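User: Hi! Could you walk me through the aromatic rings here, in simple words?
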Amino acid sequence: MSLKSKVTGLILAGGRGTRMGRVDKGLQPFRGATLVAHVMERLSPQVASVAINANRNLPQYQAVAGESPVLPDFIDGFAGPLAGLQIGLQFCPTELLLTAPCDSPFFPLDLAERLYAAMAAQGADMAMAVTMEHDPEQPDAAPFRQPHPVFSLMKASVLPQLDAYLDTGARRMEGFFKTLKVAEVMFDDAAAFGNINTLEDLHRHERTAPTVVAPHATATAAAGPRDADPAALPVDEARRLICERIAPVEATETLPLLAALDRALAADIISPINVPAYDNSAMDGYALRGADLPAQGTATFKVIGIAYAGHPCTQAPQQNECVRIMTGAAIPPGCDSVLPQELAAAIDGDSVTIAANALRPGANLRRAGEDLKAGGIAIAAGKLLRPADLGLIASLGIPSVSVRRKLRVAFFSTGDELRSLGDELDTGCVYDSNRYTLFGMLTRLGCEVIDLGVVRDDPQALEAALREAADKADAIITSGGVSEGAADYTRDIMALLGDVAFWKLAMRPGRPLAFGKVQTEQGSAWLFGLPGNPVAVMVSFYMFARPALLRMMGAEAKLQTLQARATEAIRKRPGRTEYQRGIVSTGADGVAQVRLTGAQGSGILSSMTEANCIVVLHHAQANVDAGQMVDVMLFDGLT
Ligand code: AMP
Ligand code: MG
């Protein structure tokens, strides 16, 4: 039996959880995830399963825990780590329990293994990590021994001893450990056991962060040349991580066909009939038996009847007989070919002369089931129903379809400088334009929009808006406040209300992005915190929110990229994806060509209205020469 299968992991995120003030430590954004998510990620590979001990913000911890339990203290009064240990031991389904605190995201990946080896060798009840540390004030003094009781592996059977210890009113970990046989394990890397105690610690570590870890994903070192920000996440990776976490809404509704335009099909459309239902003519002409066609010279056929669409001719032509037939009319019995009327050598009353080679036997027939076979999939679930789809479904005689329910998306703008239309534009203020672009983009996507207006840069107002949005919507789109600017409270509040990660993306425009789940007692919603700059809002909406929302809608709608020739040189730095605004047209030689719109600043919306496409300059791509082909995404496909 492997060690891993014998160990349950316990993340200690309990106590009052207020060491950073109002902010719950474990839920702090850190390197693209939350602190607790990082701890989860280091612990998970070492144990059979993980539980989290927490006393506040349980829904947010649950979001990180996934299927695993979040366990509040069993005893009252926020009794510290031992209370967490107690509930952890009560829960522990395996022989051993390994603890790690929620604010230490760097501990060794062989922690369980090394603690266990010592515990087994010494026949101990538990093993604890120890490091040697230097006093930073006295660098020349001898190093001292630093125990790390929160990094311990113990037998689940020590629970009665812990209960007895807690009954005495004592609360200190070290005190409890004195009642047990403890093995100490010396680790070389003291920094690995370091914890993050203050927001300053957090920010210092964030700045030195070499990697980006996504929630519920394995560590992904951001690839990229040296000159790029190594901590920035490549856009493809970000898109993948987002889509991986999001699942389609389950609810469906049945709608009459005419109400289903632009909705996502919830179940395959199975054809109940053959389409066409019967062999019919593709031309106006004469239906006959191919075997009667002349091998050479000519042959004359007698017309014995007429078949119209909707009015079949049931007579079967005999040798050198034919039936006058109209497009769409059922092929008369015995016939297998149709001579288009314009190919007849001569038509005289009810006789038709046909030359050799005028017609191939079997020609100009539409066979039953050639478009769709009865029982076959006519349209697969996930299709966004376009006009052609409505037509196809109608051709099967199906009057109503099952579609996913509409996605509810709440959105608001943040910023003290924003003025609503109709207000005076005071000095230093701008009209809120993002809400209008967002409204347009969401409506075009077929979402039900919930406009929550402009929210001031004020923690209470932001919290209220996010709560309202999470209660009402499936997804929340905000603009502004996700960069590291001083007035950007959005970051803290988002982190407080959910498992929200702040990503630095290797892209331009639109570097910052917040993504995660906001949870309240009433409900939860996926949050996309877009940057504030108007062009960045649109680009990051199209590149990240759009695919995610489509996935939530249960829709498949991959964007098509086309190639066009750059009419001018384009500067591009490798190591980030750049989305430039362009105008595609057809060149003199018939090849698509693209030129950039004027100023490309991320606040310059006129570049967006002038453009008809986005020029995609990929992560690894460098400067583009005039005449080189580049990828473009047409706005017509996006909107
Ligand atoms: P922020 O990300 O909040 O720092 O905003 C970045 C820039 O975008 C600032 O110049 C803001 O004034 C501008 N901005 C933010 N939100 C909006 C909005 N809703 N409409 C227009 N401009 C905005
Ligand atoms: Mg702002």
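User: Are Phe 515 and Phe 528 buried or exposed?
Analyst: Both Phe 515 and Phe 528 are buried, where buried means under 20% relative accessible area, exposed over 50%, and partly exposed in between (1.4 Å probe, protein chains only). Keep in mind that this is a predicted model: local features need pLDDT of at least 70, side-chain atom pairs count only at pLDDT 80 or more, and totals for chains, interfaces and linings use all residues. Residues are numbered from 1 along each chain as its sequence is written, chains are lettered from A and ligands numbered from 1 in the order in which they are written, and side-chain values use heavy atoms, with hydrogens and water left out.
User: Why is the pair of Phe 176 and Phe 177 called tilted?
Analyst: Because their planes are at 50 degrees, with the ring centres 5.8 Å apart. Phe 176 counts as buried at 0% relative accessibility, and Phe 177 is buried too, at 5%.
User: And what about Phe 515 with Phe 528?
Analyst: That aromatic pair is tilted as well, with 5.4 Å from centre to centre and 40 degrees between the planes.
User: Which residues form an aromatic cluster?
Analyst: Phe 107, Phe 151, Phe 187 and Phe 193 form one.

Conventions:
Rings of Phe, Tyr and Trp (its six-membered ring) pair if their centres lie within 6.5 Å; planes under 30 degrees apart count as stacked, over 60 as edge-to-face and the rest as tilted.
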